[in-house]
Amino acid sequence: MASRLQGELTPEGALSLAIWGLGDVGGLNLLGFDGPLVIAPNRVEGASGSGLYVAQSAPVLALKGVTPQGLHMTGRGHLILEPRADDWLVVAGIDPDEVAKGLALDVEDVVREAAAYALRCDVLPAADPLLRSMVTQSAHAGLSSIRHRPTGEFEGLAAGLAYSNPPRTYYRDGYWTMQLLLHLSPEIVAEEIDLLAAQVSANGEAPSAVILSGPHAQEFESQRLEELAMAAIHWRPGEWWSDHFDSPLFFVLAVGDYVATTGDDAIARRHWPKLVAIFERYLGLIGPAGLPLKPHNDRDWADNVLREGVVAYDVGLWIGALDVLARLGHSIAPAVANAAATAAAKARAAAEQVLSRGDHYADYVRFDGSAEDHLTLDSLMLLRYGAAPEARALQVLDAVQARLESRHNLSQPYGDFGMLCVYPPFSRQGELRAKSAFAYRYHNGADWPWLDGVYAAERLRRGLPGWRYPLTRWWEWCLSEGWAGPVEYYSPPFGRGSLLQGWSSLPAAVALAYADRVLAGDADG
């Protein structure tokens, strides 16, 4: 996966290719790609000098020591197989001009670009092999999410390999991907924030994702909405899944993280009216319990679950956003800053009163006062954004270790496979749909690497042992299954989600943020 070209190579040698903004363009079969294989980001090398190398400057890859056969095209864009002495170039493009850029490269140019990129992803070289490879491949997932137009301009952060058409960039996925990019490419974070800002409405509402401009977006708007029967949830031009409850809060948090990392508050000043609109929107959603109420829909990250009312995950984001507004507003709009600080204090008290359940927080409390009381990893947003008193936070982390680390939970049936995102599974089948309707699948108990990173970070920043399991067990599982890169999610009975998911770079970001502690080792193994 690179800024324009992306693809998938199967163990049988079938190579499928796509272009960002266009989708699938075709593929071919590779013969003679014999193992053992050494896999690096955008580079695969096999026995007897065989190899596949992906360029960074153009949508082209080089093949060495293999025989390509069966080139086929989808009718979209262009796909060319060109011999270069004993080697081959595979060039894709949205138009002839883009193809010409690829054809201008030599095989060795492509090999050098692939080598330089793999080196760029190796951002924790002093780590042990398992941790080092996790960080390297997770860095690849984050860096390769950076997308460009054929002319070179930035065009958003892709959520992963499966999101090329319609091209779109998500508030939520983008936020978690930004955590790595703040270490490695903060200027891209600023561009992503500016791009997302354009779709924040004057009333503070925002969709799940922004559909990016160009012919592909126009085609989607005019035809594909009807084809997918999704017009009812894509309300406005440029929006993918309108009015997501968590998206505006992620926008505020992204601005706050960027300013905290770079010290440059110009981006906050530039987008201050939209930040205030978001603040006012959620103030208007506050219910009798003193916290914003999520409508009965599936529009936050758990988009297969009809959560409603006071949702712990969303409350954590809200409190984090209030703290950002209080901090940034101190020098921009003191009255807003004071109001946000007051609202944050009230929200912290209300969250503890409404959501506390024994040693953890309830997932959500419905409008009728009943609750989904199970333990969830996404409730750690209350810890991440300082909404939980420290004694309570330590209780929650102990509960997560005992019940959501599969190695300790002997009541779940699948052994030591990583983290469960919830346990026990959801209690009301009527509040679930699609993949999450199955216990231990998707939002209903699967392992999500981004949530593993959130949990690992909460242990690391407190100096607690036990961080290595969530940070690396998911990667061990990927390797054992032959998944050569970070996946979106997985569960033993149901397999994996999509490949090279951008927000699955979060474990790498956590390892970099706490590099000294990580390199010193974990007392809990």
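Let's start with the largest pocket: about 1000 Å³ of space lies in it. Keep in mind that this is a predicted model.

Several elements give two or more residues to the lining. The strands are E1 (5-9), E2 (14-19), E4 (38-40), E5 (43-45) and E6 (51-54). The helices are H3 (129-143) and H15 (468-481). Which element gives the largest share? That is E1, with 5 residues. By class, the lining of the largest pocket has 26 nonpolar, 9 polar and 4 charged residues.

Now the second largest pocket. About 520 Å³ of space lies there. Its lining has 24 residues. Nearest the centre you find Tyr175, Gln179, Asp257, Arg384 and Tyr514. Helices H4 (171-184), H7, H10, H14 (449-460) and H16 (506-513) each supply at least two lining residues. H7 gives the largest share, 5 residues. The classes for the second largest pocket are 12 nonpolar, 6 polar and 6 charged.

H9 covers residues 272-283, so to speak a run of 12 residues. From first C-alpha to last, H9 reaches 17 Å. That is close to the 16 Å expected at 1.5 Å a residue. Which residues of H9 are buried? They are Trp272, Leu275, Val276, Ala277, Ile278, Phe279, Arg281 and Tyr282. Note that Arg281 is on that list. And what covers these buried residues? The cover includes four helices: H7 (247-262), H8 (266-270), H10 (312-332) and H11 (334-355).

Last topic, the cysteines. How many disulfides does the model have? The count comes to 0. Take Cys121 to begin with. Cys121 is in no disulfide, and the nearest cysteine sulfur, that of Cys478, is 16 Å away. Cys121 is also buried, with a relative accessible area of 0%. Then Cys478. The cut-off for a disulfide is a sulfur pair within 2.5 Å. Cys478 counts as buried too, at 0% relative accessibility.

To recap. The largest pocket holds about 1000 Å³ of space, with E1 giving the largest share of its lining. The disulfide count is 0.

How values were computed: Residues are numbered from 1 along each chain as its sequence is written. This is a predicted model: local features need pLDDT of at least 70, side-chain atom pairs count only at pLDDT 80 or more; totals for chains, interfaces and linings use all residues. Side-chain values use heavy atoms; hydrogens and water are left out. Buried means under 20% relative accessible area, exposed over 50%, partly exposed in between (1.4 Å probe, protein chains only). The expected span of a helix is 1.5 Å times one less than its number of residues. Contact means heavy atoms within 4.5 Å. On a 1 Å grid over the protein atoms alone, a cavity is a set of points where a 1.4 Å probe fits but cannot get out, and a pocket is an open set with protein on both sides within 12 Å along at least five of seven lines; lining residues have an atom within 4 Å of a point. Grid points are joined across faces, edges and corners, and a volume is the space filled by probe spheres set on the points. Ala, Val, Leu, Ile, Met, Phe, Trp, Tyr, Cys and Pro count as nonpolar, Asp, Glu, Lys and Arg as charged, and the others, Gly among them, as polar.
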